[in-house]
Amino acid sequence: MADLRAYRVSRNENQTEFWGRFGVTQSAGGRYESGREVPAPLAMLVLAFADGVLDDVVLEKSCSRAAT
């Protein structure tokens, strides 16, 4: 995804809302939006979310399983 910030803004979400669904802090998300390289696993999650393959329910379940 070429412009993460534009995508987030198009969803009408702040950085905390958007990046939090992926387990990423607001500050790290801001760095990714400013051009820092996004780790491949995170990039795949964001792309799957943008393509509708993943939704908030699936991501929430995945995050809660990873925490246990």
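## A loop residue with positive phi

Asparagine 12 is located in the loop between H1 and H2, in a model that is predicted. Its phi is positive, near 65 degrees, although asparagine 12 is a residue other than glycine. Most residues other than glycine have a negative phi. With a relative accessible area of 72%, asparagine 12 is exposed. A positive phi is also found at glycine 35, which follows H3 and has a value near 120 degrees.

## Aromatic pairs

The structure contains 6 aromatic pairs. One of them joins tyrosine 7 to phenylalanine 18 in an edge-to-face arrangement, with 5.8 Å centre to centre and 75 degrees between the planes. Because tyrosine 7 belongs to helix H1 and phenylalanine 18 to helix H2, this pair ties together parts that are 11 residues apart in sequence. Tyrosine 7 has a relative accessibility of 17% and therefore counts as buried, the cut-off being under 20%, while phenylalanine 18 is buried with a relative accessible area of 0%.

Phenylalanine 22 and phenylalanine 49 form another edge-to-face pair, at 5.6 Å centre to centre and with 90 degrees between the planes. Here phenylalanine 22 lies in the loop between H2 and H3 and phenylalanine 49 in helix H4, so the parts tied together are 27 residues apart in sequence. Both phenylalanine 22 and phenylalanine 49 are buried. Ring pairs link these residues into a cluster made up of Tyr7, Phe18, Trp19, Phe22, Tyr32 and Phe49.

## The nonpolar core

The largest nonpolar core has 14 residues, of which Phe18, Trp19, Phe22, Val24, Tyr32, Leu42 and Val46 touch the most other members. At least two residues of this core come from each of H1, H2, H3 and H4, and H4 gives the most, with 4 residues. In soluble globular proteins, nonpolar side chains tend to be buried together.

Valine 24 illustrates the contacts in detail: leaving aside residues up to four places away in sequence, valine 24 touches Trp19, Gly29, Tyr32 and Leu42.

## Helix H3 and its cover

Helix H3 spans residues 26-33, and within this helix Ala28, Gly29, Gly30, Tyr32 and Glu33 are buried. The elements that cover the buried residues of H3 include helix H1 (4-10), helix H2 (15-20) and helix H4 (40-50).

Conventions: Residues numbered from 1 in each chain as written. Predicted model: local features only at pLDDT ≥ 70, side-chain atom pairs only at ≥ 80, totals over all residues. Heavy atoms only, no water. Buried < 20%, exposed > 50% of the residue type's maximum accessible area, 1.4 Å probe, protein only. Contact = heavy atoms within 4.5 Å. Phe/Tyr/Trp six-rings, centres within 6.5 Å; stacked < 30°, edge-to-face > 60°. Core = buried A, V, L, I, M, F, W, Y, C linked by side-chain atoms within 4.5 Å.
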